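Please read them alongside the coordinates.

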Amino acid sequence: MAREKPGLTPEERAALTEAEVLRTLEAFPEPDRTLALRLHTLIQHWAPGLSPRLWYGMPAYAWKGKVLCFFQPAHKFKTRYATLGFTDLAQLDEGTFWPVAFAVKALGQEEEEKVRQLLRKALGEGLEEA
């Protein structure tokens with residue numbers, strides 16, 4: 001996460017943080033790099049009010065200062081797939097039992113639409129503001 005830099009505007013701090021996130025994504029091995037960069041683009045397009053940041057070394061997107069969703073690359077934990085996860089801030093509730101993490105091996109048109117729907121649901125009414 002970008003450290004507080006005295007004398008910088010909030011916009012300048014946000015730009016530094018996003019640059020740090022992008023450097024991290026670019027350093028991922030394939031296929032994590034392509035997946036993470038595509039998700040970054042989709043999240044920024046569909047929910048521009050979310051702020052990119054690093055969270056435990058992973059790209060994450062915060063709503064009003066709190067992490068809403070994150071990308072866990074497969075290489076970080078030596079797993080067979082990457083994960084798009086949501087924190088308890090996300091409004092994904094469905095009764096008493098619901099998914100908050102989704103395996104990601106590829107992002108085609110169908111998967112991209114699912115990401116858009118998840119963001120819409122996660123933010124609830126906040127999507128219009130995001």
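1. E112 touches R38, L42, W46 and L107, leaving aside residues up to four places away in sequence; contact here means heavy atoms within 4.5 Å. E112 lies in helix α4. Helices are DSSP runs of H or I with at least four residues, strands are runs of E with at least two, and both are numbered from the N terminus. E112 counts as buried because its relative accessible area is 16%; buried means under 20%, exposed over 50%, and partly exposed in between, with a 1.4 Å probe and protein chains only.

2. On provenance: this is a predicted model, in which local features need pLDDT of at least 70 and side-chain atom pairs count only at pLDDT 80 or more, while totals for chains, interfaces and linings use all residues. Residues are numbered from 1 along each chain as its sequence is written, and side-chain values use heavy atoms, with hydrogens and water left out.

3. Helix α2 covers residues 32–46, which is 15 residues. Its span from the first C-alpha to the last is 21 Å, close to the 21 Å expected at 1.5 Å a residue; the expected span is 1.5 Å times one less than the number of residues. The buried residues of α2 are D32, L35, A36, L39, H40, L42 and I43. L42 is also one of the residues touched by E112.

4. How many salt bridges does the structure hold? There are five, a salt bridge being a side-chain nitrogen of Lys or Arg within 4 Å of a carboxyl oxygen of Asp or Glu. Side chains of opposite charge can pair when their charged atoms come close. R33 is partly exposed at a relative accessible area of 25%, and E30 is partly exposed at 45%.

5. E94 and K121 form another salt bridge, at 2.9 Å from N to O. This pair links distant parts of the chain: E94 sits in the loop between β4 (82–86) and β5 (101–104), and K121 sits in helix α4 (residues 109–123), 27 residues apart. Both ends are partly exposed, E94 at 47% relative accessibility and K121 at 33%.

6. The salt bridge between E110 and K114 has its closest N and O atoms 3.8 Å apart. Both residues lie in helix α4, four residues apart, about one turn of the helix. E110 is exposed, since its relative accessible area is 57%, whereas K114 is partly exposed at 47%.

7. Strand β2 (58–63) is mostly covered, with six of its six residues buried. In a regular strand the side chains alternate between the two faces of the sheet. Both faces of β2 are covered: M58, A60 and A62 are buried on one side, and P59, Y61 and W63 on the other.

8. The turns deserve a look. The hairpin of β1 and β2 has two residues between the strands, and Y56 in the turn has a positive phi of about 55°. The hairpin of β2 and β3 also has two residues between the strands, with K64 at a positive phi near 55°.

9. G57 is found in the loop between β1 (51–55) and β2. G57 is partly exposed because its relative accessibility is 40%. Leaving aside residues up to four places away in sequence, G57 touches T24 and K76. G57 and V21 are 36 residues apart in sequence and 9.1 Å apart in space, C-alpha to C-alpha.

10. Four aromatic pairs are found in the whole structure. Rings of Phe, Tyr and Trp (its six-membered ring) pair if their centres lie within 6.5 Å; planes under 30 degrees apart count as stacked, over 60 as edge-to-face, and the rest as tilted. W55 and F70 form a tilted pair, 5.1 Å centre to centre with 55° between the planes. W55 lies in β1 and F70 in β3 (residues 66–72), so the pair ties together parts that are 15 residues apart in sequence. W55 is partly exposed at 23% relative accessibility, whereas F70 is buried at 14%. W55, Y56 and F70 form one aromatic cluster.

Conventions: Pairing = 2+ DSSP bridges.
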